[in-house]
Amino acid sequence: MIILLYGEDTYRAKRKMKEVMDEHKEKHKSGLNLRYLEGKTTSFDDLKNEMLANSMFKEKKLIVVSDLFSNSKLKEEIIERGKAFADSDNVLLLIDSSKITVKDKLLSFLEKEGKVQEFEPLSGVKLNNWIKEEVKRLNGSIEESALDKLVEYVGGDLWQMENEISKLINYSSTIKEKDIEAMVKPKHETNVFDTIDA
């Protein structure tokens, strides 16, 4: 099986990767069949040896490969000979933050032979819903005016958003607009200082 997680929203892609890895660790407790490879430097033979070699613990393997799309030679070989990876009981998890075009041949191959999930940056209603879910996950609540202010100050950067939400929830379980004004530094303010510095 092959799974590809990619897109500009690295926060949600990494969170999904962690979910897949945690699920694997739960089922295969030895922890000896989880491997990490750097896609830029991995050869097809190295990947094949990891993917198709039998485990002595009768557990499925999970091979996590980052930034494989930057290795053009490996991409070509997977397109030509990677069907065996898709048919394997072991899992090949690819995570990539590079810009992948819809015409990319490896992307087309993976859409046909595996599972592909793209993570585009959130905005508008989707971003608001994500923030509400994150606040709820941390056992808090957020007022509508505070939600608008938080989006205005932070934007769609989910890495910063997670930090700001955690900080605000630790201060008060109900996030109010005045809390954000007191504790969150607006992005546009930073940009003004960058402009002045320039």
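Helix H2 (residues 44-52) and helix H3 (residues 72-81) pack at an angle of about 50°, with 10 Å between their axes; axes are lines fitted to C-alpha atoms, for helices over the stretch in contact, and angles run from 0 to 180 degrees between N-to-C directions. Helices (H or I, at least four residues) and strands (E, at least two) are DSSP runs, numbered from the N terminus. The model is predicted: local features need pLDDT of at least 70 and side-chain atom pairs count only at pLDDT 80 or more, whereas totals for chains, interfaces and linings use all residues. Residues are numbered from 1 along each chain as its sequence is written, and side-chain values use heavy atoms, with hydrogens and water left out.

**H2 and H3**
- The two helices are therefore oblique to each other, given that angles under 35 degrees count as roughly parallel, over 145 as roughly antiparallel, 65 to 115 as roughly perpendicular and the rest as oblique.
- Phe 44, Asp 45 and Leu 47 of H2 make the contact with Leu 74, Glu 77, Ile 78 and Arg 81 of H3 (contact means heavy atoms within 4.5 Å).
- This contact has 4 nonpolar, no polar and 3 charged residues; Ala, Val, Leu, Ile, Met, Phe, Trp, Tyr, Cys and Pro count as nonpolar, Asp, Glu, Lys and Arg as charged, and the others, Gly among them, as polar.

**Packing against H8**
- Helix H6 (residues 124-137) packs on helix H8 (residues 158-171) at about 40°, with the axes 10 Å apart, which makes H6 oblique to H8.
- On the H6 side the contact is made by Leu 127, Trp 130, Ile 131, Glu 134 and Val 135, and on the H8 side by Leu 158, Met 161, Glu 162, Ile 165 and Ile 169.
- The residues of the contact of H6 with H8 comprise 8 nonpolar, no polar and 2 charged.
- H1 and H8 pack at an angle of about 75°, their axes being 8 Å apart, and are therefore roughly perpendicular to each other.
- In H1, Thr 10, Tyr 11, Arg 12, Lys 14 and Arg 15 meet Leu 158, Trp 159 and Glu 162 of H8.
- The contact of H1 with H8 divides into 3 nonpolar, 1 polar and 4 charged residues.

**Lining of the largest pocket**
- Strand S1 (2-6), helix H1 (10-27) and strand S5 (115-118) each supply at least two residues of this lining.
- H1 gives the most, with 6 residues.
- By class, the lining holds 7 nonpolar, 3 polar and 6 charged residues.
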